[in-house]
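The exercises below are meant to be worked with the sequence and the coordinates at hand. Try each task before reading its solution.

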Amino acid sequence: MSLKKVDTKALDEILKKMIETVDSSKGEIFLIGEECRKDYESLIEELKNIKQMVIQVITEGDDLEIKVRFARKRLLEVSKHFNQYSEEQVREAYEKAHELQMKLTMNRQVEKQLRERRDDLERRLRSLQETIDRAEKLVSQITIVLNYLLSDMRQVGQALEDAKQKQDFGLKIIEAQEDERKRLSREIHDGPAQMLANVLMRSDLIERVYRENGAREALNEVNSLKHMVRSALYEVRRIIYDLRPMALDDLGLVPTLKKYLYTIEEYNKMTSIIFTNIGNESRLPPKYEVALFRLIQESVQNAMKHAQAKEIHVKLEIRKNHVLVVVKDNGKGFDLNEKKQGSFGLMGMKERVELLDGEISIDSKIGTGTVIVIQVPMTA
């Protein structure tokens, strides 16, 4: 049976549609940011009005304090010279002083409520600004990641020209990338996007709670809202690190791996990840850093998702002439001789190691966990 050559034009068309899907998700995040910005502008206007009302109430209160002092002096004088004033004059002095005192008390209460409302609006504005900034950063990050994915996929497409096996592998990679985009879109929709929508609804609820139940209940709702925004920001960070952390370009492989593995461990509470770095932390050429990060990322994800490991050890050794990676887990393991439908993830790891002229070995048995050893030579 003859091997069919890969249709690169068809591959490019699939890649184009895949990127359009992710661009659509990026557009949705942009719209979320715009909605938050509209709400932010509305709150700015309300805060401006509240501040004006505070100034007005303070001015009225100062005027009432002066009147209360005069009324008290009048009442003191009437009380002191009681026999010199008629009963009507005494009653009038008392009622005037009482009326002004009540107005002053109400004025101070209104001032207190307005101040609390002002402080609440300022807190909400800070939270909204953080959400807007994070949404803008996420849009930027996705754009950069798409550019890297486009470059990686073109390289894979060229490598698939030689054999039918590589053609099938390439198509599976595209399917996996498409599934990853769908997952990303779904996670953003069900996670940060849903949380941001809830933020808007909860902000309206806080107003109603404040009017109906007072400041204490409203403060409880504000604390709940802060927790919701914090959760949304955590989800955004996790999604970004699942794709490709920008720290890889700025800081290099070792610091990025430390932060990535810490983030994954924090998110997956049931799995402990121990990272060990041996040798120096010097920067590697970009193609090595990207490839090694992807290999470790794939190994760790496999250990958590498929092997259901409770403990994962990741060791990285960077030497002058080679890089050694060891990923060991205590998961359920698998039979190396048994071919599974979803095993193209390991095939992809082997392909990536071969592109670096390296070697990869996988040792696993059912019930004893898995050990993956990757060694890549450093060429001048």
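**Exercise 1.** Work out what span helix 6 should have at 1.5 Å a residue, and compare this with the distance between its end C-alpha atoms.

*Solution.* The model is a predicted one, and the span is tested on its C-alpha atoms. Helix 6 has 15 residues, and the expected span is 1.5 Å times one less than the number of residues, so that a value of 21 Å should result.

**Exercise 2.** Find which residues of helix 6 are buried, and where helix 6 packs.

*Solution.* Taking buried to mean under 20% relative accessible area, one finds Leu 253, Val 254, Thr 256, Leu 257, Tyr 260, Leu 261, Thr 263 and Ile 264. The sheet comes next: it is open, with 5 strands in the order 1-2-3-5-4 and mixed pairing. Its edge strands, each pairing on one side only, are strand 1 (272-279) and strand 4 (359-365), and the twist from one strand to the next averages 10 degrees. Helix 6 (residues 253-267) packs on this sheet, where it touches strand 1 and strand 2 (311-318), and its direction makes about 170 degrees with that of strand 1.

**Exercise 3.** Determine how many bridges join strand 3 to strand 5, and whether these strands run parallel or antiparallel.

*Solution.* Strand 3 (residues 322-329) and strand 5 (residues 369-377) are joined by 8 bridges and run antiparallel. Within this pairing, Val 327 stands opposite Ile 372 in strand 5.

Methods. Residues numbered from 1 in each chain as written. Predicted model: local features only at pLDDT ≥ 70, side-chain atom pairs only at ≥ 80, totals over all residues. Heavy atoms only, no water. Pairing = 2+ DSSP bridges. Helix = DSSP H or I, 4+ residues; strand = E, 2+ residues; numbered from the N terminus. Axes fitted to C-alpha atoms, helices over the stretch in contact; angles between N-to-C directions. Contact = heavy atoms within 4.5 Å. Buried < 20%, exposed > 50% of the residue type's maximum accessible area, 1.4 Å probe, protein only.
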